Structure formats: structure tokens, C-alpha cells
Amino acid sequence: MKQSNTFIPTLREVPSDAEIKSHKLLLRAGFIRQVASGVYTYMPLGWRVLQKIEKIVREEMDKAGGVELLMPALQPAELWQESGRWNDYGPELMRLNDRHERPFALGPTHEEVITALVRDEIKSYKRLPLTLYQIQTKFRDEKRPRMGLLRGREFVMKDAYSFHTTRESLDETYEKMYEAYSNIFSRLGLNFRAVIADSGSIGGKGTHEFMVLSEIGEDTIAFSDESDYAANIEMAEVVTTYNKKDEPLKELQKVNTGEHKTIEDVVTFLKIQSEDTIKSLLFKVDGEFVLVLVRGDHEVNDVKVKNLLDASVVELATPEETERIIGCQIGNVGPIGVQNVKVIADIAVQYIVNGVCGANEEHMHYVNVNPDRDFQVDTYADLRFIQEGDPSPDGKGTVKFAKGIEVGHVFKLGTKYSNALNATFLDENGRSQPMIMGCYGIGISRLMMAIAEQFADDKGLVWPEVVSPYQVHILIVNMKDETQTSLGFDVYHRLQKAGFEVLLDDRNERAGVKFADSDLIGIPTRITIGKKASDGIVEMKDRQTGEVKEIAVDQMINELA
Ligand code: ATP
Ligand code: MG
Ligand code: MG
Ligand code: MG
């Protein structure tokens with residue numbers, strides 16, 4: 001591409017509204033332009049980077065067994081009403097009416113559309129599992145759009161959804177996706193970490209976020225300096241009443257709940273269990289352990305049966321399981337909040353209740369608790385947030401904090417959406433079962449900024465080869481010099497023929513402007529055609545290391561390969 005032909009409006013001035021390095025540089029180097037708050041145009045260079053990121057994501061998704069499709073951004077409100085999210089999603093959902101006053105949403109995510117699609121098309125276990133994905137524009141009316149592409153209101157996401165007949169099958173795909181995500185972020189050269197994330201009302205260890213470590217990150221990660229333990233602080237910011245993991249669990253209260261057959265019974269039971277201190281109950285939800293915290297008589301007396309089934313199978317954990325999980329695997333237990341006790345209580349009585357344990361003693365600690373959501377911390381003086389220097393919840397090493405940018409999120413949804421939208425299949429015995437689902441997102445446009453943030457210096461962007469808009473930048477120093485121009489174009493054509501993506505600066509600009517722009521744009525290799533053009537010699541510069549060498553044109557292609 002000749003620079004005289006393309007559209008790279010670089011800026012000398014630092015735009016005043018840009019707070020962070022990557023945002024400033026992407027604006028200055030002409031990769032993006034703002035249209036409205038949180039809404040951007042990807043300029044020709046930015047679009048090329050975005051497509052390269054997409055290509056890597058596609059390759060890894062395909063390799064992991066995903067199948068690409070494209071769903072609409074415009075989604076009828078009915079689907080959102082069916083899932084309950086027309087109400088629950090709140091003001092972040094962009095809503096609009098068509099000319100007949102029929103309500104629509106601009107999709108912030110596509111669980112509804114895809115679940116309805118699969119529901120209508122797939123009836124038999126024989127067609128499952130299935131993983132579908134798309135790369136598509138999403139809309140979220142973020143409260144505070146900021147930092148350019150990091151938090152946009154219109155942004156590009158890769159979202160995948162998997163459908164299964166069993167938990168094991170979901171686990172398998174989850175693992176594959178986790179691996180695919182690790183491959184993607186490694187290929188992009190990012191310094192990242194997968195962390196245990198907040199699973200909201202679903203619980204279990206069914207969700208991880210992929211965080212790019214960066215000072216400008218909005219999330220805080222708590223991680224062990226000696227093990228793989230890493231969690232979003234939302235989850236790890238834990239309440240520790242006591243932290244001596246090595247001590248064996250003293251005594252689990254065993255309660256025979258065999259006669260609890262009604263919601264009232266379970267609620268009464270929960271109330272008894274929860275007098276004057278925090279208690280926790282361990283449930284198994286779809287085979288996944290879920291720790292429920294119960295505080296005082298908080299809310300549990302007012303149980304309403306509602307459509308809540310996040311899970312297809314709920315049972316209370318046995319004392320042995322409780323001891324094993326709470327006593328030994330604290331770091332892996334995902335509790336769910338007080339407000340969800342109602343939900344769990346309702347689910348629980350639908351199944352055989354065969355054993356329960358209270359686990360509120362001082363030798364307990366709770367991890368993966370979201371303090372604001374799950375209980376009020378200030379009422380419990382002995383509870384505190386996890387802090388740097390604390391022993392790691394997995395017992396190995398010490399907790400450290402770091403800032404992170406959430407670039408990906410994998411999530412075991414279970415049957416939340418299939419229940420709500422009635423997406424069922426017939427199993428081998430001809431019985432109707434809800435599909436078990438997973439969802440997996442990557443912020444493609446956010447990634448572009450995260451990469452720019454990590455790969456830059458005081459002169460500009462420093463793109464890693466794999467996502468750079470071009471591989472080679474040819475710069476003709478003096479366009480009035482015929483020897484330089486003809487050699488420049490010759491090199492340009494030769495490199496193109498050899499399969500390189502080349503940008504040629506053929507503008508009638510001062511050399512200083514050209515060099516500054518070239519550094520700003522940040523293509524990995526620059527070939528400068530200057531005074532030695534008459535000897536067939538060019539200068540080759542590595543943008544990252546700054547290393548410069550003079551080289552004969554004939555050797556140049558070998559050198560580049
Ligand atoms: P955040 O916590 O940053 O608000 P999220 O948890 O709401 O993100 P998800 O629903 O998990 O986001 O969406 C999947 C991915 O989409 C995220 O991991 C992130 O990379 C990206 N993403 C989410 N919101 C935005 C946004 N406003 N702008 C750009 N990318 C976004
Ligand atoms: Mg969000
Ligand atoms: Mg998040
Ligand atoms: Mg998320």
C-alpha cells in the first residue's frame with residue numbers, strides 16, 4: 001500500500017481527552033477516531049490490526065471445534081423477556097422501538113438468540129455437543145465509557161456458546177476453550193493470567209477471566225507468588241475469619257434433614273442454622289459444589305417460589321464432601337449469595353435432601369465470596385478482605401496483587417438459559433432434558449488497545465509481528481531524488497512479490513516527518529531508502545530493538561524472511 005493512496009491521518013498533538021498511552025497513540029498514529037463517547041471508527045490501519053487479531057482468534061476457535069456463524073445485533077425484546085433479562089440487564093441494554101413501536105435491543109451478548117436458535121433446530125442428543133461462535137459488534141450503554149477501545153459502547157467481541165447433554169461434556173469443551181484462550185493470548189505475545197472469576201448466582205468453579213497484566217487495568221487480581229492460584233479480587237476479596245488451613249476441620253454439625261420436604265421446612269432449617277453468625281451450606285448444583293452463606297435471618301424467611309432454576313440437579317453435599325471441599329479445597333469453592341438462598345432453598349426441596357453441614361466455625365474461611373453481594377462486611381468485625389501478604393487461599397505461598405484488563409471470559413452457564421427458553425433435547429431414553437451450556441467471550445477491540453498498551457515506547461507503537469498492520473515499512477527519504485524513488489518502488493514491488501505486506505511512504509514530506517510517523521505507526525521493520533540508493537544499499541531498522549544495519553537490496557529479502 002502506498003501511503004499517498006491510503007488514509008493515515010497522524011497527529012502531532014496529544015489529544016486532550018485521551019488518558020492512557022495506548023489511547024493517545026492509537027489516535028495520534030491514525031488507527032482510530034472517536035465518533036461519540038465510546039463509539040469509534042477503525043481507520044485503515046486499525047482495521048488491519050483488528051482483522052489480524054480476529055484471524056488468530058478464528059484459527060484457535062476452529063481448532064477447538066468451534067463453528068462460526070453470524071447473528072444479528074438487532075434483537076426482539078420478546079427473547080429478552082423470555083430469559084428475564086429485559087428487566088434484569090438494566091440500563092446497559094440499548095433499547096429501541098421500530099416504526100410499529102415494537103421493542104428491540106441491540107445485543108450486548110447473544111445467549112438469548114443462540115439458545116432460541118438451537119432450541120428450534122436441535123431435538124436429539126445425537127446432535128450434541130455443539131459449539132458455535134461469532135465475531136460481531138456488541139452494544140452496551142456503559143455508565144462510563146472510557147480509555148478508548150477498552151470500554152466502548154459499541155465494540156467487537158468474539159462470543160462462543162456450547163451446548164451439551166452432560167456436565168462432563170461441558171467440562172471437556174470448557175477445558176478446550178480455556179486452552180484456546182491461552183493459545184490466543186500467548187500468540188499475541190501478551191502478559192496475561194487466567195483468574196478465578198465471579199460466577200454470580202451460578203456458583204461453582206465454572207468461570208475464569210483472562211487478564212492482561214497492566215497498570216491501567218480496572219480489575220485487581222490476587223495471586224499466589226508460589227502457585228497457580230489467581231483470582232479476581234471480587235472473588236478473592238475474602239472474608240477470612242481464620243486462615244490456618246492445615247488444621248483439620250474440628251466438627252461438622254450433622255443435621256438430618258430428611259424430613260425437610262417443603263420450602264418452609266428448608267427455610268426454617270436455614271434460619272435455625274444461621275442464628276447470630278454466618279453459616280454456610282454446601283450444595284451440589286449440577287455436580288458442581290456451591291457454598292451458600294447464610295447470615296442471621298436475613299431474607300430467608302420470605303421465600304417466594306420463582307422461576308429460578310439455574311441448575312438441573314441440586315442436592316445437598318454429604319458431610320464427607322463438605323469436609324473434603326471446605327476442609328481441603330477452599331480455594332475452589334464458589335459460594336453464592338444470601339439473596340440466592342431463596343433460590344437454592346427452592347431447588348433443594350425439589351430433590352431428596354439427605355445431609356447438610358454448617359461450616360461457620362473459626363477454623364473456616366470463605367473464599368470466592370463477593371462481600372457486597374453476599375453479605376455486609378461491616379457488620380462482622382472479624383471478617384476482612386484478603387490483603388497482600390496474606391497466605392494464599394490454596395495454602396501455597398503469599399498473596400500478591402496486580403492490576404489486570406479483562407480480555408476474555410469463559411463461563412459454565414449450566415441450564416440457566418436453556419431452562420428459561422425451554423431449550424431441551426431428548427436423551428437416549430427419550431426423556432426430555434434441558435441442554436447444558438457454556439459461553440466464552442473475547443473482547444477483540446479491547447484486545448487491540450491492550451496490545452497497544454503493552455507494546456509501545458516513547459516514540460510510538462511497537463506492534464508485534466503477528467498483528468502489525470503491515471510487516472515492512474519502506475521509507476523513501478527524498479521523493480525528489482530519482483535514484484531513491486526508483487529503488488524505493490523496486491524494493492516495494494519485490495517485497496510484495498515475495499509475499500510481504502508492505503507500506504510504502506511515498507509522500508512528499510520532510511524526512512523528519514516521515515521518520516516520526518514511521519516510529520509512531522510502529523511497523524516491525526523499516527527499510528529506509530536514502531543517500532546510498534545509488535550503491536543499491538538500504539538501511540534496515542528493527543522498530544523494537546532499534547537495531548540498524550545497512551544492507552544490499554539483493555540480500556534484503558533473505559534477511560527479512
Ligand atoms: P467488564 O468487567 O470489563 O465490564 P464484562 O465482564 O462485562 O467486562 P463480558 O460480558 O464477560 O464483559 O464480555 C466478554 C468480553 O467482552 C470481556 O471479557 C471484555 O474483553 C469484552 N468487553 C466487555 N465489555 C466491553 C466494553 N464495554 N468495551 C470493550 N470490550 C468489552
Ligand atoms: Mg461489563
Ligand atoms: Mg467483568
Ligand atoms: Mg466478564
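How many residues surround ligand 1, and which are the closest? In this predicted model, 15 residues surround the ligand, and the closest are Phe155, His409, Gly441, Gly443 and Arg446.

**View 1. The shell around ligand 1 draws on strands 8, 19 and 22 and on helix 13.** Each of these four elements, strand 8 (154-164), strand 19 (399-414), strand 22 (436-443) and helix 13 (444-454), supplies at least two residues of the shell. Strand 19 gives the most, with 4 residues. Sorted by class, the shell around ligand 1 consists of 3 nonpolar, 7 polar and 5 charged residues.

**View 2. Helix 5 packs through its buried residues against both strands and helices.** In helix 5 (residues 111-121), the buried residues are Glu111, Glu112, Val113, Ile114, Thr115, Ala116 and Val118. Their packing partners include strand 4 and helix 3 (77-83), together with strand 7 (130-139) and helix 12 (416-420). Strand 8 and strand 22 are also among the elements against which the buried residues of helix 5 pack, and both of these strands supply at least two residues of the shell around ligand 1.

**View 3. Leu461 and Ile474 have the most contacts inside the largest nonpolar core.** This core has 107 residues. When neighbours within four places in sequence are left aside, leucine 461 is in contact with Leu25 and Ala29, with Ala452, Phe455 and Ala456, and with Leu520, Ile521 and Gly522. One of these partners, Ala452, falls within helix 13 (444-454), which is also among the elements that supply the shell around ligand 1.

**View 4. The whole protein comprises 16 helices and 29 strands.** Of its 561 residues, 45% count as buried. Among contacts between residues at least 6 apart in sequence, 75% join residues that are at least 24 apart.

Terms used
Residues are numbered from 1 along each chain as its sequence is written. Chains are lettered from A and ligands numbered from 1 in the order in which they are written. This is a predicted model: local features need pLDDT of at least 70, side-chain atom pairs count only at pLDDT 80 or more; totals for chains, interfaces and linings use all residues. A residue is near a molecule or strand if its C-beta atom, placed from the backbone, lies within 6 Å of it. Ala, Val, Leu, Ile, Met, Phe, Trp, Tyr, Cys and Pro count as nonpolar, Asp, Glu, Lys and Arg as charged, and the others, Gly among them, as polar. A nonpolar core is a set of buried Ala, Val, Leu, Ile, Met, Phe, Trp, Tyr and Cys residues joined through C-beta atoms within 7 Å. A residue is buried if 20 or more other C-beta atoms lie within 10 Å of its own, exposed if 12 or fewer, and partly exposed in between; C-beta atoms are placed from the backbone. Two residues are in contact if their C-beta atoms, placed from the backbone, lie within 7 Å.
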